[in-house]
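Student: I would like to learn how to read a protein model step by step. Could we go through it together, beginning with the sheets?

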Amino acid sequence: MTPRTPGPEQPHDNRLDIPTRLLVHALVREDATVDAGELYAVAALLGMSETQVRLCVKRLVAEGRFTQDGRGRKATLRAVSDVTGSVAPDAAYVRHAYRQDAGLTPWDGVWHLFAFAIPESRRTARDTLRERLLHLGAAPVQSGLYVTANPVGELVDAHARHLGVADALTRMSTTDLRIGDITDPVALAATLWPLDEITERHQRLAAFAGSCLAQLTENDPPSGTERLGMAVELAAHFTTAMKPDPLLPPQLLPQPWPGTHARRLAADCWHHLRQTPHTGDNTPLRLFALYADALHPTDDA
């Protein structure tokens, strides 16, 4: 949610266009239900209309993702299956980010390359494999060739097998990567990945998380409904910052790296949100329970 008194750390234009279904998913409680009254109240704080929420609920029910008992604000939605994966990045991905921030996964100097040549007749499989590589943080070097600094080979192999194109995939590792005249690893990273755009997204996350912390620790803290709105918007900012982040090793990034600072502030916010009692027996902050282990990385994780 937008702070009640926006200051220099929280500009008015720092708000995100939050998908309505993200809000519904974020308010799923431990018993897999969503209280419609709470849903409409938080939606209003986030600037969503009742019609917008009602149509979203109707679609989710039609898709078989939720069932609905009752009508309007007195209704109860029940998740048919676990929906937390649609709210935020995978917990393992988040855990890796925090381990990197803690210096527990230093880069070994190895680049991992993937090449494939899949015919137009299998265009869907080709596009899906490309999207998976990008999701795993790989960057295109040239047509059909991608590179990443993280060892994701087994994940790419498994996806290629699932798509039935394993025979078209070639992967290799090297410590001697050269693109044109560029050989320096830091310069290569700056050439291959849009670090300025990634930096900007993390700066927006840091600004919002910092403002949330100020509100959560003041003498007159936000109400329960306001905290829920804050949690949903924090989730949206975190997802927006993390989804396009290739999680490059710190050795390849300019220092101090804004992603480290932003994730630390977000973790502090989650801590305060989880420590704040909720009025019901079932807290809707399942997202933060999902990340509980990820926020405290250890050497044996």
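Tutor: Let us begin with two terms: helices (H or I, at least four residues) and strands (E, at least two) are DSSP runs, numbered from the N terminus, and two strands pair if DSSP finds at least two bridges between them. This is a predicted model, in which local features need pLDDT of at least 70 and side-chain atom pairs count only at pLDDT 80 or more, while totals for chains, interfaces and linings use all residues. Residues are numbered from 1 along each chain as its sequence is written, and side-chain values use heavy atoms, with hydrogens and water left out.

Student: In what order do the strands of the three-stranded open sheet lie?

Tutor: Strands of a sheet pair through backbone hydrogen bonds, either parallel or antiparallel. Here the order is β1-β3-β2, and the pairing is antiparallel. At the edges stand β1 (33-35) and β2 (66-69), each with a single partner strand, so one side of each is left without a neighbour in the sheet. Neighbouring strands of this sheet are turned by 25° against each other on average, direction ignored; for such angles, axes are lines fitted to C-alpha atoms, for helices over the stretch in contact, and angles run from 0 to 180 degrees between N-to-C directions. Between β1 and β3 (residues 76-79), which run antiparallel, there are three bridges, and Thr33 has Arg78 in β3 as its bridge partner.

Student: Which strands make up the open sheet of four?

Tutor: That sheet has the order β5-β6-β4-β7, with antiparallel pairing. Its edge strands are β5 (139-142) and β7, each of which pairs on one side only, and the twist averages 30° from one strand to the next. Strand β4 is joined to β7 (residues 169-174) by six bridges, with Trp111 opposite Thr174 in β7. Four bridges link β4 with β6 (residues 145-148) in the antiparallel sense, and there Phe114 has Tyr146 as its bridge partner. Three bridges connect β5 and β6, where Pro140 stands opposite Tyr146.

Student: How many of the six residues of β4 are buried?

Tutor: A residue is called buried under 20% relative accessible area, exposed over 50%, and partly exposed in between (1.4 Å probe, protein chains only). In β4 (residues 111-116) five of the six residues are buried, so the strand is largely enclosed by the rest of the structure.

Student: What should I look for in aromatic residues, and how many aromatic pairs does a search of the whole structure find?

Tutor: A pair of aromatic rings is described by the distance of the centres and the angle of the planes. Rings of Phe, Tyr and Trp (its six-membered ring) pair if their centres lie within 6.5 Å; planes under 30 degrees apart count as stacked, over 60 as edge-to-face and the rest as tilted. The search finds three aromatic pairs. In one of them, Trp107 and Trp111 have ring centres 5.1 Å apart and planes at 70°, so the pair is edge-to-face. Trp107 is buried at 18% relative accessible area, and Trp111 is buried at 2%. Phe238 and Trp270 also form an edge-to-face pair, with 4.7 Å from centre to centre and 65° between the planes. Because Phe238 lies in helix α9 (residues 224-242) and Trp270 in helix α10 (residues 258-275), this pair ties together parts that are 32 residues apart in sequence. Phe238 is buried at 0% relative accessibility, as is Trp270 at 1%.

Student: What is found in the loop between α9 and α10?

Tutor: Lys243 lies in that loop and is exposed, with 53% relative accessibility.
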